[in-house]
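Student: Could we go through a model together? I'd like to learn how to read its helices and strands.

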Amino acid sequence: MTTPVLDVRGLAFAYPDGHQALFGVDLHVHQGERVALLGPNGAGKTTLVLHLNGILGGGAGTVHVSGLPVEKKNLQEVRRRVGIVFQDPDDQLFMGSVRADVGFGPANLGLKGAELDRRVAAALEQVGMAEYADRPPHHLSFGQRRRVAVATVLAMEPEILVLDEPSSNLDPASRRELADILRSLDVTVLMVTHDLPYALELCSRAVVLSDGQVVADAPTLEVLTDDDLMATHRLELPWGFDPRRIGSLPR
Amino acid sequence: MGAGHGHRLHYHGHSRVHRAPAHLKLLALLGFVLLAVAVPPGWWAAYPVLLAVLLGVVLLARVPLGYLARRMWIEVPFLVFAVLLPFVATGPRVEVGFLSLSEPGLVAAGGLAAKGTLGVLASLTMAATTEPADVLRGLRRLRMPDLLVQIMSFMLRYLDVVTADLARMTTSMRSRGCDPRSPRHWPTLARSMGALFIRSYERGERVHLAMLSRGYDGELPR
């Protein structure tokens, strides 16, 4: 098998206050996969995500991104390869215009001039926000800001896109539009979410994290129909949603 | 949700003053304020001259005087202080009606009020004719340390977010039967200010994380 895009082995981490968040996590994500990372609040999902690009570290275990170990001397390249879209777009959009915000990452990578413009235009095109390039981000609607936040990361041409709660606070139409965008991208995706129907719709594989450990790693439909697993780890489907009655799953 | 516009002091226009380079305007403002502050006590004739120059610039910029006047309220605390001066200062006193006022106090109050008014009016004119982003560009051209310019640009960006946070907090206080304006509820208001500070601080951390994730190394791209 080829080198996984994401290779996490035996990852353990305790916060400085002594709270242990991860207890030996193993996770592999291969090229082109879309994987959902599920788990109740406080399971350690965000802690895991912050290890993927070296924001957190120093505990036991290793993280490799396409074979490159996440360590201090590689941080710049690791952060190019792993694109994290945070939950609140206001945390991610801080420049005066959409264009400047989307250009922020590539400019930090040293891109300039025509190549920078090309990256920005391509990323905005991918999320359907090209005509908003000159608007200040805080004048956009929440759904538009979430899409621009995705573009800010796509502009770095990452190998894996990590999304923290991509569907939270979106109205159903924006939620569906974002799903269409994510499906249209030719990129590996790791999606942290509580939105189980969304995980089923977009990701063929799901990993369940609970109390800092991986407790399940299986096709999403299998995970969502395993009632014991679901109940043990505080995962619940929305009322009226029955994954067994969905005839065919979208790819 | 982020609908506010971050330039409440700006008056849209295309006059020569609007189009002048921001760094020149900054230097002119600084020079003007220093000049006003440096006027020695008793040189009353200097103030009308300075005011005339300033009004000339305002006319040239075609910013309505009423627009600036309404925003002058920010000066009120200084004026209150100036009014108090003749009562509390020492030295020879003059009788005005039944009041006994200090002469040096009167002179100082007059100077303070005149200098303050000129400074505030000049700054407002600058703000009315220059977009905040241009002010930042101007500061950068004047070799202001990059870190300070970055801090100011983040303040501009997040001012609306923080005021929206505050508005939501006061709305939720009102919904639970607490009137933030009544002095009886000031302790609650103070605590919510503390909470707002923590929230903003934590947001700052999250923004920093998001920046690091995109390869930020201490310098913003121009």
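Student: Okay, what covers the buried residues of helix 5 of chain A?

Tutor: Quick notes before that: this is a predicted model, where local features need pLDDT of at least 70, side-chain atom pairs count only at pLDDT 80 or more, and totals for chains, interfaces and linings use all residues. Residues are numbered from 1 along each chain as its sequence is written, while chains are lettered from A and ligands numbered from 1 in the order in which they are written. Helices (H or I, at least four residues) and strands (E, at least two) are DSSP runs, numbered from the N terminus. The cover over those buried residues includes helix 4 (98–108) and helix 6 (142–154) of chain A.

Student: And which residues of helix 5 of chain A are buried?

Tutor: Buried means that 20 or more other C-beta atoms, placed from the backbone, lie within 10 Å of the residue's own; exposed means 12 or fewer, and partly exposed is in between. In helix 5 of chain A, the buried ones are R119(A), V120(A), A123(A) and L124(A).

Student: In strand 8 of chain A, which residue is the bridge partner of A36(A)?

Tutor: Strand 3 (residues 34–38) and strand 8 of chain A pair (DSSP finds at least two bridges between paired strands), running parallel over four bridges. A36(A) has as its partner in strand 8 of chain A M191(A).

Technical notes: Contact = placed C-beta atoms within 7 Å.
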